[in-house]
Amino acid sequence: MRRLPIFFLVDVSESMIGTPIEQVQDGMASIINELRMDPYALETAFVSVIAFAGKAKVLTPLTELYKFYPPKFPIGGGTSLGNALEFLMDDMDHSVQKTTVEEKGDWKPIIFLFTDGNPTDDTQKAFARWNAKYRKGCNLIIVSLGDNVNTNLLGQVSDNVLRLNDTTPESFKSFFKWVTASIKTSSVSVTDMGDDDVKLAPVNGINLEKVDTNKPCVVDENFVVLMGKCQTTNKPYLIKYAKRLGNSEMIPEQLVSYYKLVGAYPIDEESYTELSEVGGQQPKINTTELIGQPTCPCCGNQLGLVICECGNIFCVGEDAHCKCPWCGMEGELSSVGDGGEDLTRTKG
């Protein structure tokens, strides 16, 4: 039997924390449930899930639908797209069956790449390898989740670059129905006509558009994510802020940008470290640009964004005397000056 390999290459960088990663998690489950009821997909489709941040990891190897169970997505540091593409190519080299003199191999693989940010690594080498050896033999569909992605760059490796303009739960549901419909149509195509070029479903009626990657794109930095550590449990967490526009206090008719609190989320330190890139320059953000103070998601302490003299973030409860879980320094809680303080942001 000739398989139709379907790979999901999913960005799990820090900016995906919260609603986006939850919607991808639910979306993967809905895709599999729908495909299991389709006789064409059930016969041909084999699914694999690869997560990437600073590093990449196979969450589920290529598996037939009735055995597939949607994995839980971790969170990592960075958005190493070049590394992720190299990882995908290496994985396909040993998981996709090639055509030989004796028998036909798998149908042309379909890859859905979901990302919400720009690469934090050098993509040139991986892009060159992909275009030289894999592009013609694969169907790569890249979906930008929001407008924080350089679609001109993505157009160097795929003719199918799309943007999900609205990342609300309703938009995600419609989007994953579109993914499911595209897989179903492609399964019928390979079974009945032997045509393994991807057949994407229409995008009418959903907030999904095909991007002209030859046109200039404006990349908007939508999120700021900070790393904190719980003083009570010593466990790490991420604090996420979303970009907003508002009127300036000095000049009311002038719009200024700031970042408003979305929430704080506990993370698994082991999986985060496993998927995070090491080294490199990390961006900064001043506290005057941040609106909102989170509670600690690990222990419930009222102040989840307290800054130690070592520059790291931790949580504080009712006791003003505190101990930094990063460096061990002890002291009394005090306020930051009018000029704010520069904080190190995460890479993803």
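This is a predicted model: local features need pLDDT of at least 70, side-chain atom pairs count only at pLDDT 80 or more; totals for chains, interfaces and linings use all residues.
**A friendly tour of the model**

**Around Thr115**

- Find strand β4, which covers residues 110-115, and you will find Thr115 in it.
- The side chain of Thr115 makes a polar contact with the side chain of Asp11, at 2.9 Å.
- Leaving out residues up to four places away in sequence, Thr115 touches Asp11, Phe52, Thr79, Val143, Ser144, Leu145 and Val149.

**The nonpolar cores**

- The largest nonpolar core is made of 49 residues. Ile6, Phe8, Phe112, Phe114, Phe175, Trp178 and Val179 have the most contacts inside it.
- Helix α6, residues 169-193, is the element that gives the most to this core, contributing 7 residues.
- Another core, of 29 residues, lies apart from that one, and its members include Phe7, Leu9, Val96 and Leu113.
- Phe112 is worth a click: setting aside neighbours within four places in sequence, Phe112 is in contact with Ile6, Phe7, Phe8, Leu9, Ile141, Trp178, Val179 and Ile183.

**Aromatic rings and charges**

- Across the whole structure, a search finds 8 aromatic pairs.
- In one of these pairs, the ring centres of Phe8 and Phe114 are 6.1 Å apart and the planes meet at 55°, so the pair counts as tilted.
- This pair links distant parts of the chain, with Phe8 in strand β1 (residues 4-11) and Phe114 in strand β4, 106 residues apart.
- Both Phe8 and Phe114 are buried.
- Ring pairs also join up into a cluster, which consists of Phe8, Phe112, Phe114, Phe172, Phe175, Phe176 and Trp178.
- Charged side chains meet rings too: the charged end of Arg2 sits over the ring of Trp107, 3.8 Å from its centre.
- Likewise, the charged end of Lys240 sits over the ring of Phe223, 4.3 Å from the ring centre.

**The cysteines**

- How many disulfides are there? The count comes to 0.
- As a reminder, a disulfide is a covalent bond between the sulfur atoms of two cysteines.

- Most residues other than glycine have a negative phi.
- Asn234 has a positive phi of about 70°, although it is not a glycine.
- Where does Asn234 lie? Asn234 is in the loop between β8 (223-229) and β9 (236-247).
- Asn234 is partly exposed, with a relative accessible area of 40%.
- Gly228 belongs to strand β8 and is buried, with a relative accessible area of 0%.
- Not counting residues up to four places away in sequence, Gly228 touches Lys235, Pro236, Tyr237, Ile313 and Trp326.
- Gly228 and Asn286 are 58 residues apart along the chain, and their C-alpha atoms are separated by 16 Å.

Key
Residues are numbered from 1 along each chain as its sequence is written. Side-chain values use heavy atoms; hydrogens and water are left out. A nonpolar core is a set of buried Ala, Val, Leu, Ile, Met, Phe, Trp, Tyr and Cys residues joined through side-chain atoms within 4.5 Å. Buried means under 20% relative accessible area, exposed over 50%, partly exposed in between (1.4 Å probe, protein chains only). Helices (H or I, at least four residues) and strands (E, at least two) are DSSP runs, numbered from the N terminus. Contact means heavy atoms within 4.5 Å. A polar contact is a pair of N or O atoms within 3.5 Å; within protein, one must be able to donate a hydrogen and the other to accept it, and residues adjacent in sequence count only if both atoms are side-chain atoms. Rings of Phe, Tyr and Trp (its six-membered ring) pair if their centres lie within 6.5 Å; planes under 30 degrees apart count as stacked, over 60 as edge-to-face and the rest as tilted. A charge sits over a ring if NZ of Lys or CZ of Arg is within 6 Å of the ring centre and within 35 degrees of the ring normal. A disulfide is a pair of cysteine sulfur atoms within 2.5 Å.
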